[in-house]
Amino acid sequence: MTITIDEFDMQFGPFGKNDVLRIEICDSYKDIRKGVTIAEFILSRPTVKSPNRLWIVEAKSSSPRPLPKPKFDQFIGDICEKFINSMNLFLAGVLGRNPRMQDEIPTGMSHISASNADLIFVLVIKGHQTDWLPPLRDALKAKLEPLIKTWKLSPSCVAVMNETIARQKGLIT
């Protein structure tokens, strides 16, 4: 059985139902929803070199330009908050701190532990020009730097894609 996820006129998937956690619709998220923002979904994307790779995916219909700075900084902060909250809720389930989330983790992710998770934060922006993506990635990476350092995440743990790149990566159809 497969799952597709529709966000901003983009169809993500199809993914095996055991390889995707629709974290934004989980009961464990509904319990804490007030004041807590979260990404769309978490996807198991193992590779030979990284069998425990998870993509935390957020989708947007647009993004502000780097100037005016306050609006851009707010956008970056909001996205980072969603990534961090999603990671924390998922790992709280993995660690047994949130039993409800633990029960909602699909079997394709059940082997993941906090010690071996290879997390990739992925922002997909519909209709974005390719040359606009690197400044967004750099700003997200800079804002997430304390998290990246403390968790010893990969230097390439932040990705920003438009529809074309997401399609090439098999993320959307």
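Mentor: Buried means under 20% relative accessible area. The model discussed here is predicted.

Trainee: Is Phe-41 buried or exposed?
Mentor: The cut-off for buried is under 20% relative accessible area. Phe-41 has 0% relative accessibility, so Phe-41 counts as buried.

Trainee: Which residue in β5 does Phe-41 stand opposite?
Mentor: Strand β4 covers residues 41-44, and strand β5 covers residues 53-60. The two pair in the antiparallel sense over four bridges. Within this pairing, the residue in β5 opposite Phe-41 is Val-57.

Trainee: What is the strand order of the open sheet, and which strands stand at its edges?
Mentor: The sheet has five strands with mixed pairing, in the order β3-β4-β5-β6-β7. Two of these strands have a single partner each, so one side of each is left without a neighbour in the sheet. The edge strands are β3 (20-21) and β7 (158-161).

Trainee: Which strands does helix α2 touch, and at what angle to β5 does it run?
Mentor: Helix α2, residues 69-94, packs on the sheet. Its contacts are with β3, β4, β5 and β6 (118-125). The direction of α2 makes an angle with that of β5 of about 140°.

Trainee: Which helix lies across β6 and β7?
Mentor: The helix in question covers residues 133-150 and runs at about 155° to β7. It is α4.

Trainee: How many aromatic pairs are there, and how far apart are the centres of Phe-15 and Phe-41?
Mentor: The count comes to three aromatic pairs. Phe-15 and Phe-41 form a tilted one, with 45° between the planes. Phe-15 lies in strand β2 (residues 10-16) and Phe-41 in strand β4, so the pair ties together parts that are 26 residues apart in sequence. Centre to centre, the distance in this pair is 5.7 Å.

Trainee: What parts does the pair of Phe-83 and Phe-121 tie together?
Mentor: This pair is tilted, at 5.2 Å centre to centre and 40° between the planes. Phe-83 is buried, with a relative accessible area of 0%, and Phe-121 counts as buried at 0%. The two residues are 38 apart in sequence, so the pair ties together helix α2 and strand β6.

Trainee: Which ring does Arg-45 lie over?
Mentor: Arg-45 sits at 4.5 Å from the ring centre, over the face. The ring belongs to Trp-55.

Trainee: Which element supplies the largest share of the largest nonpolar core?
Mentor: This core has 57 residues, and those touching the most other members include Phe-12, Phe-41, Phe-121 and Val-124. Each of β2, β3, β4, β5, α2, β6, α4 and β7 supplies at least two residues. The largest share is eleven residues, from α2.

Trainee: How far apart in space are Ile-125 and Val-160?
Mentor: Ile-125 is found in strand β6 and is buried, with a relative accessible area of 0%. Among the residues that Ile-125 touches are Lys-60, Leu-136, Val-160 and Met-161. Ile-125 and Val-160 are 35 residues apart in sequence, and their C-alpha to C-alpha distance is 7.6 Å.

Definitions and conventions. Residues are numbered from 1 along each chain as its sequence is written. This is a predicted model: local features need pLDDT of at least 70, side-chain atom pairs count only at pLDDT 80 or more; totals for chains, interfaces and linings use all residues. Side-chain values use heavy atoms; hydrogens and water are left out. Two strands pair if DSSP finds at least two bridges between them. Contact means heavy atoms within 4.5 Å. Axes are lines fitted to C-alpha atoms, for helices over the stretch in contact, and angles run from 0 to 180 degrees between N-to-C directions. Buried means under 20% relative accessible area, exposed over 50%, partly exposed in between (1.4 Å probe, protein chains only). Rings of Phe, Tyr and Trp (its six-membered ring) pair if their centres lie within 6.5 Å; planes under 30 degrees apart count as stacked, over 60 as edge-to-face and the rest as tilted. A charge sits over a ring if NZ of Lys or CZ of Arg is within 6 Å of the ring centre and within 35 degrees of the ring normal. A nonpolar core is a set of buried Ala, Val, Leu, Ile, Met, Phe, Trp, Tyr and Cys residues joined through side-chain atoms within 4.5 Å. Lists of a residue's contacts leave out its neighbours within four places in sequence.
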